[in-house]
Amino acid sequence: MIHLLTQLLTEAATRAPRRCAVLAPDRTLTYEQLDQHSDRLASTLRESGVGHGDRVGILAPKSDASVTAAYATLKRGACYVPLDPRSPDQRLSMIVVECGMRAVITDAANAERALALAAHAPELETVIVAGPQPGGEVVRSNGRTSTARGALAEPAPIDTDLAYILYTSGSTGSPKGVAISHRASLTFVRWAARCTALEPEDRVCSPAPLHFDLSVFDIFATCSAGACMVIVPDRLSMFPSRLGEWIERQRISVWYSVPSVLTLLANHGNLSALDLRRLRTVIFAGEVFPAKHLSLLMEQLPHARHLNWYGPTETNVCTSYEVPAGRGPLSGPVPLGRACTNMDVFAVADDGTPVTLPGDEGELLVRGSGLMHGYWRQPEKTRQALVDNPLQPAYAEPAYRTGDLVTLDEDRNFVFLGRRDGMIKTRGYRVELGEIETVLYGHPAIREAVVLPVPDELLGNRLRAVICCERDDEAAQEEVLEHCRARLPGYMVPDVIEFSDSLPRTSTGKVDRVRLSSVVASSS
Amino acid sequence: MSDGIIRNYISREIIRDRAVALDNETPLLEEGILDSLALLRLVVFIQEQFGIVVEDVEIVPENFASVEAISRYIDSRGDRASRLGAT
């Protein structure tokens, strides 16, 4: 029985060695090649002293090389940590150090950056540049070709071992690592492959980068079916008409992305001029898909299934909703749907009672094998998120508090209402407004700062910062932006910066976000 | 002629950072200066500023690779518009 992600690959390579596993813009890997190359790279990791349970960074965009690196890391019994090449050095450095990362696998384009990161991280002893040799090239090492650790009875990997850590925005100013085990990942992967009825003939594509949990679907669910993972050329998603043509030409059959990419495709992709009959399933997740744009998309893809998947990184996907076709324009929010196989979701009202009737509201909780192990080295945050299931007092059982407020519709689907806290979605990414505010407060000239979401049809939200600053000239604005860019990934840098003499306060002395938002709304 | 206006717009509204030098050949896509949102804003700006309709099939990398490319694209549209107007 399969209990490790790596077994998906070895099985596929045995079943159909010559089938295409990864189709990248300039390279193809068959299952046999992916299996062999990741074996070689895993040996390089072992020779470099990487052992069971160690963390290995992957600093590269989604590519044949980074997919190989992910499998190699897992084969070594270690856990991979995607490092977004588009994130600033400071943030990457924070992740490398917090993880106690032992090695980084990178590509030629990012090798220098990886070495610079290693220079500031004493535990990061090894940098490997993947390709052109399957085993990769070690460009930094500790000099020891250590197998000493490995020689001591190293445990065989089991399904509760960590498979990867995905970093997301954290409210107190630094990103937090969501640690996911093989079992949790496989719970999603197995369900997802069945839900979409993946077959070896499928060509699966997701433009989501490696550090985004959507990538778990195209990397592992595709492999579980022995299908072909197709990688979108860099930046193609920006150009909807080209992207549409590419989807047609590549005969993509299953697509998975955030709604904003699909909104662009629906409005500017000229889809009706294309032959997209092969595109049989379109899945979206990460944020709310505005009904208007989803209707437009479904009109142009009448033969395809449209699935709304929901779940924070901490649970991967936990609910799914198939949008019924042929019912004309949609109205109202698309429901989150019902629980996936082997997962349970339920909502609890503020008074502790379960939400059972349509119209009642409560916070959504999730239990099941798909839950994260916890936040990496953040036991306090983990305790706040993974609570004892309040509906199961007889024995302790973890349930994840999503912080999402939901209700039930007449068909007993959960429907998203809003957040309990300062987390918002922009461009499909979750962002803690507090993390941006903490960075702003780190600027010496800023006395007070608040970041507000401004709803945007395409992006979900734009970010508007209101700051009280010693200076408020144009140079100050540039300086603040530069300060943010050096510390935050692009999607967290405020889109608008406004200066104010003071921030309005509520009676309890907190910044009055509601009042500020209404000022924002009326002035724009 | 259009290049100055475009360069100015990208510098002030998209890059928002004087430290980043922008000339007519700076690769806007490879450098990550234009993302999908910035591209859409730029398209709206071009339509309003130059009074042309940017067709969906014209939003392609070749036309937005650099200020030079954008400017060339706008000029070609202008030519086409005036030719059509003349007939």
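## Salt bridges

A salt bridge is a side-chain nitrogen of Lys or Arg within 4 Å of a carboxyl oxygen of Asp or Glu. Side chains of opposite charge can pair when their charged atoms come close. In this predicted model, a search of the whole structure gives 33 salt bridges over all chains.

Take A:Asp64 and A:Arg27: their closest N and O atoms are 2.6 Å apart. A:Asp64 sits in helix H3 (residues 64-75) of chain A and A:Arg27 in strand S2 of chain A, so this pair ties together parts that are 37 residues apart in sequence. Helices (H or I, at least four residues) and strands (E, at least two) are DSSP runs, numbered from the N terminus.

## How to read the model

Residues are numbered from 1 along each chain as its sequence is written, and chains are lettered from A in the order in which they are written. Local features need pLDDT of at least 70, side-chain atom pairs count only at pLDDT 80 or more, totals for chains, interfaces and linings use all residues, and side-chain values use heavy atoms, without hydrogens and water.

The term pLDDT is the predictor's confidence in each residue, from 0 to 100. Chain B averages 86, and 90% of its residues score at least 70. Among the elements of chain B, helix H3 (residues 61-64) has the highest mean pLDDT, 96. Helix H4 (residues 67-86) of chain B has the lowest, 77. For the complex, the predictor gives an ipTM of 0.87 and a pTM of 0.91.

## Where the chains meet

Contact means heavy atoms within 4.5 Å. By this rule, 20 residues of chain A touch 19 residues of chain B. One salt bridge is counted between the two chains. Its partners are B:Glu62 and A:Arg242, at 2.7 Å, N to O.

Three helices of chain A each supply at least two residues to the side that touches chain B: H9 (240-249), H10 (259-268) and H14 (474-485). H14(A) gives the most, with five residues.

## A sheet in chain A

Chain A has an open sheet of nine strands with mixed pairing. Two strands pair if DSSP finds at least two bridges between them. The order is S2-S1-S11-S10-S12-S13-S14-S15-S16.

Which strands are the edge strands? They are S2 (27-30) and S16 (338-339) of chain A, and each pairs on one side only. Strand S15 (residues 319-322) of chain A runs antiparallel to S16(A), joined by two bridges. Here A:Thr319 stands opposite A:Ala339 in S16(A).
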